Amino acid sequence: MSANLAATIDLGVLPSEIDGGLMSRAAIGLVVLATDQTMEHEFRALVRLPGVAFYEARVLNDADITPETLRAIGPRIAPGADLILPGIPLDVVAFGCTSASMLLGEDAVFAEIRKVRPNVACTTPVTGALAAFRALGARGIGLLTPYAPQINESLVRYFNGRGVNIAAVATFDRRDDLEAARISVASIEAAVQRMAAAPGVDAIFVSCTSLRVAEAVAGLERRLGVPVTSSNHAMAWHCLRLAGIDDALPAAGRLFERPIV
C-alpha cells in the first residue's frame, strides 16, 4: 500500500436527506422544436422561482415554416414528451410551437402528449394566449408574427373561431425559423409600438416561440399603456398557473400578476 493511500482517512457512509430537489414546487416539461433558439432562455428569464423547474426535450422539425412541415411535427410530439424525466411525475407539459398548435389543433397536441403522460395538464402557445386574453380582459388583439401571410390568415381564423377579435395583424414574413430567432428586439419593439396605435387594439400578442420579446414586455407596457404578451410569455405564465403556482411576478409584466379566469 502506498504511503498516500495509507494516510487517507475513510469516513465511511455519511448521513443524507432527500428533499424535493429543484422541482419541490413544480416540474414543468417543455417540448421544444429542434430549431428553436429562444424558448428555453425566455422561460428561465421570466420564471426565477425556487422549487419551480423546467425540463426540456427537443423534437425534429424543418426550419422552413409551411403547413406541410408543421403537420409533420405532430407524430413526433409523444416521443419527445416521453424523453422528459421518464418515471418522474410532471405537473404540466407544454408544446412549444404556436403555428403547429393552431394547424394541428390544441386537442390533437394534447392527445399526443397524453399518450405518454396520461392526465397531465397541457398547454401550447395558442392555449396560453387564449387564457392570457381572458385574464387580461383583452377585447381587440394586435397580432404580430414572423409567418407567411397564409399562416397568418389561418391564425386569425383560428382565433376568431375561439371568440377572439383580431383587430390588427402584421408579419415580418421571415419563413425560416433560424432567421426568425434573429429578428432584433428593437425591430419587434418598433412593430409592437406601431400595432398598439392601430384602432381597436387594446392588447398585443407576439406569436412565435422564436421571437425575442418576453424580457421586453414590462418596458413595452409602461411605454405603450397596453398589455403585451407573446408565445413564450403567455405559455410560461400558463404553465405556472396550471401547476398551481400563483406567485405574482410584476417584473415580467401585467399578465404575471393575474390568475387564470
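Modeller: Let us begin with a definition: a residue is buried when its relative accessible area is under 20%, exposed when that area is over 50%, and partly exposed in between, with a 1.4 Å probe and protein chains only. This is a predicted model, in which local features need pLDDT of at least 70 and side-chain atom pairs count only at pLDDT 80 or more, while totals for chains, interfaces and linings use all residues. Residues are numbered from 1 along each chain as its sequence is written, and side-chain values use heavy atoms, with hydrogens and water left out.

Biologist: Does Pro125 count as buried or exposed, and why?

Modeller: Pro125 counts as buried because its relative accessibility is 0%.

Biologist: Where is the place of Pro125?

Modeller: Pro125 is in helix 7, residues 125-136. Helices (H or I, at least four residues) and strands (E, at least two) are DSSP runs, numbered from the N terminus.

Biologist: Which residues is Pro125 in contact with?

Modeller: Contact means heavy atoms within 4.5 Å. Leaving aside neighbours within four places in sequence, Pro125 is in contact with several residues, including Phe95, Gly96, Cys97, Phe205 and Met235. As for Pro75, it is 50 residues from Pro125 in sequence, and the two C-alpha atoms are 18 Å apart in space.

Biologist: Now the whole chain. How many helices and strands are there?

Modeller: The protein chain has twelve helices and eight strands. Its C-alpha atoms fill a box of roughly 80 × 40 × 35 Å along the principal axes. Of its 261 residues, 54% count as buried. Among contacts between residues at least 6 apart in sequence, 76% join residues at least 24 apart.

Biologist: What is the order of the strands in the open sheet?

Modeller: Four strands form that sheet in the order 2-1-3-4, with parallel pairing. The edge strands are strand 2 (52-59) and strand 4 (121-123), each of which pairs on one side only. Two strands pair if DSSP finds at least two bridges between them. The twist averages 20° from one strand to the next.

Biologist: How do strands of a sheet pair?

Modeller: Strands of a sheet pair through backbone hydrogen bonds, either parallel or antiparallel.

Biologist: How many bridges join strand 1 to strand 2?

Modeller: Eight bridges join strand 1, residues 26-33, to strand 2, and these two run parallel. Ala26, for instance, stands opposite Val52 in strand 2.

Biologist: Which strands does helix 6 touch?

Modeller: Helix 6 (residues 106-116) packs on the sheet and touches strand 3 (92-96) and strand 4. The direction of helix 6 makes about 135° with that of strand 4. Here axes are lines fitted to C-alpha atoms, for helices over the stretch in contact, and angles run from 0 to 180 degrees between N-to-C directions.

Biologist: Next topic: how many residues of strand 5 are buried?

Modeller: Five of the five residues in strand 5 (141-145) are buried. Ile141, Leu143 and Thr145 lie on one side, with Gly142 and Leu144 on the other, and both faces are covered. Five bridges join strand 5 to strand 6 (residues 166-171), and the two run parallel. Within this pair, Val169 in strand 6 is the bridge partner of Leu143.

Biologist: What about charged residues, say Asp177?

Modeller: Asp177 is found in helix 9, residues 177-180. Lys and Arg count as positive and Asp and Glu as negative, while His and the chain ends are not counted. A salt bridge is a side-chain nitrogen of Lys or Arg within 4 Å of a carboxyl oxygen of Asp or Glu. Asp177 is buried yet has no salt bridge, and the nearest side chain of opposite charge, Arg58, is 7.6 Å away.

Biologist: With which side chain does the side chain of Asp177 make a polar contact?

Modeller: The partner is the side chain of Thr35, at 2.5 Å. A polar contact is a pair of N or O atoms within 3.5 Å; within protein, one must be able to donate a hydrogen and the other to accept it, and residues adjacent in sequence count only if both atoms are side-chain atoms.

Biologist: And Arg241?

Modeller: Arg241 lies in helix 12, residues 231-242. Arg241 is buried yet has no salt bridge, and Asp246, the nearest side chain of opposite charge, is 4.5 Å away. A polar atom of the Arg241 side chain lies 3.2 Å from the backbone oxygen of Asp247.
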